[in-house]
Amino acid sequence: MPGEPLIAAHGLCHGFGRAEVLHDIDLAVEAGEIVTLIGPNGSGKSTLVRLLLGILVPERGTVRRRPGLVIGYVPQHFQVDPALPLTVRRFLMLASSNTRSIDRAAADAGIGELAQRPVAGLSGGERQRALIARALARDPQLLVLDEPTQGIDVNGQIELHDLVQRLRRERGVGVLMVSHDLHLVMAATDRVICLNRHICCAGRPETVSAHPEFLALFGAAAAPALAIYRHRHDHRHDLTGDVVGHSPFHRHDSEPGAP
Amino acid sequence: MIDDFLLRAGLAGFAVAMAGGPLGCLIVWRRMAYFGDALAHGALLGVVLGLAAGIDPQLGTGALALAMALLLILARRRRRLASDTLLGILSHGALAAGLVGASLMAAFNADLLAYLFGDILAVGRADLYWILGAGALALGALGLAWRPLVAGTVHEELAIAEGLKVDRANLLLMLAMAAFVAVAMKAVGVLLTTAMLILPAAAARRFARSPEEMAGFASLAGVLSVILGLAGAVAFDIPAGPSIVLAALVLFAAGSSLPDRLKS
């Protein structure tokens, strides 16, 4: 995709205290492009996202945004105190005053019927959809999604990925996503960036999954840090290009529709 | 005819209640009650320093509260100690310093109780102007920053990512807090200041369907508490500050039995 990237980072370094969490990160997201960040726990994914969003200030390096860039953000953690009387509708209105955008975002995220419910009383999946609706309500040019499918059931995950594809296709939205679900990543991403405090490797999913550093990182599947990957065994087969084994715990209806 | 002193007390109380409504809501939503307590406990030291410096005690109180608030924000960023530990150190350190300072000032001793528990019935004309001015300042600061404050309460990082000026809003919140502490000390005293933030807000929660409704209802609950409290003080010859706080407690307890208007 030609033209100036939506957002571009050059030589980002960041640390908390003495330990360097991120070293010399270069990264850019173009309009209409879906980029996914993967990496083990503690690899600096969320820190990188915070640097790009301006929540943290990098110790070294620069973040350049296209002027006037509108960002929709879905954070990884979200909890509203029950003492705050806030309906889902009002929650969306914090992000935008355009009621048409809000209605469309609520419909796209599948939470049209939740409008008058208090945010503090939502289930995990509903909360996640409300966050996605809030990000969409801003009519963003760039969507930044930090583990957007957490708490969402399999059908919901497929819907979300379809929605992301549609936004990219119809509105040219650029997407930067942090994901733990390698399975979905590989099916629905233009470019994968494998992060472990530095960028281990980056490129098209097929290329990255064959990269030695990637295999070193995710092939070490016995490491407890990787235990959070569900269906780990199947994934490894996937990524090395083998046929996925049909285990009773990993039926094929959990796969996203092929693009 | 209402006596002059009662009118002044009522107006001062209303100013405290009006500012305390939205401010108290933010304190409750953000779980900053202990933070409010720390600033309030520092108020006595502010009076001492104000008197020693020869400026108005309320100005001294406001200035010290603002300084403490900024100090706490800076200390919290360094994350060496847990927030509540830090607050406890500053809160009780300032209270102890204030009590010691007060005891060293000969003119002060008679007034100590008035500063600890308030003396709203003794509010003079000049005091009243201070209180109305500081109340208006607190409300103005909150009004200016309300949207980013609510958004920042819901999720601070999300608000920053969406381009809201959260740091500026938090600074205005601290300014409002400092102004409120300076005012409320006169009405209900150092030890009961936080009560005028938390009780009306908590009482308003069940009646509110939006943040703004809760802020408005909290102000209303505060005004009612002032009226009931002052009436009680006059009728039963009890201290006005604690009487107002007790009235707020009664309102809260009464409201607690009613159902939540925001249905899950």
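This is a predicted model: local features need pLDDT of at least 70, side-chain atom pairs count only at pLDDT 80 or more; totals for chains, interfaces and linings use all residues.
Chain A consists of 259 residues, of which 52% are buried. Its secondary structure comprises nine helices and nine strands.

The interface between chain A and chain B involves 30 residues from chain A and 24 residues from chain B. About 2300 Å² is buried between the two chains, and carbon and sulfur atoms give 59% of this area. On the side of chain A, the residues that lose the most area to chain B are Leu84(A), Pro85(A) and Leu94(A), which together account for 25% of what that side buries.

Polar and charged interactions also occur across the interface. Between chain A and chain B, 10 residue pairs are in polar contact, with both residues at pLDDT 80 or more. Four salt bridges are found across the interface of chain A and chain B. In one of these, Arg90(A) is paired with Glu212(B), and the closest N and O atoms lie 2.4 Å apart.

Several elements of chain A contribute two or more residues to the side that touches chain B, namely helix H1 (45-53), strand E5 (71-74), helix H2 (88-93) and helix H4 (124-137). The largest share comes from H2(A), with three residues. By class, this side of chain A contains 18 nonpolar residues, together with six polar and six charged residues.

The cysteines were examined for disulfides, and zero were found over all chains. Cys194(A) takes part in no disulfide, and the nearest cysteine sulfur, belonging to Cys201(A), is 4.3 Å away. Cys194(A) is counted as buried because its relative accessibility is 0%, which falls under the 20% limit. For Cys200(A), the closest cysteine sulfur is that of Cys194(A), at 4.4 Å. This separation is too far for a bond, because a disulfide requires the two sulfur atoms to be within 2.5 Å. Cys200(A) is likewise buried, with a relative accessible area of 9%.

Note on methods. Residues are numbered from 1 along each chain as its sequence is written. Chains are lettered from A and ligands numbered from 1 in the order in which they are written. Side-chain values use heavy atoms; hydrogens and water are left out. Contact means heavy atoms within 4.5 Å. Buried area is the accessible area (1.4 Å probe) that two parts lose on being put together, summed over both. A salt bridge is a side-chain nitrogen of Lys or Arg within 4 Å of a carboxyl oxygen of Asp or Glu. A polar contact is a pair of N or O atoms within 3.5 Å; within protein, one must be able to donate a hydrogen and the other to accept it, and residues adjacent in sequence count only if both atoms are side-chain atoms. Helices (H or I, at least four residues) and strands (E, at least two) are DSSP runs, numbered from the N terminus. Ala, Val, Leu, Ile, Met, Phe, Trp, Tyr, Cys and Pro count as nonpolar, Asp, Glu, Lys and Arg as charged, and the others, Gly among them, as polar. Buried means under 20% relative accessible area, exposed over 50%, partly exposed in between (1.4 Å probe, protein chains only).
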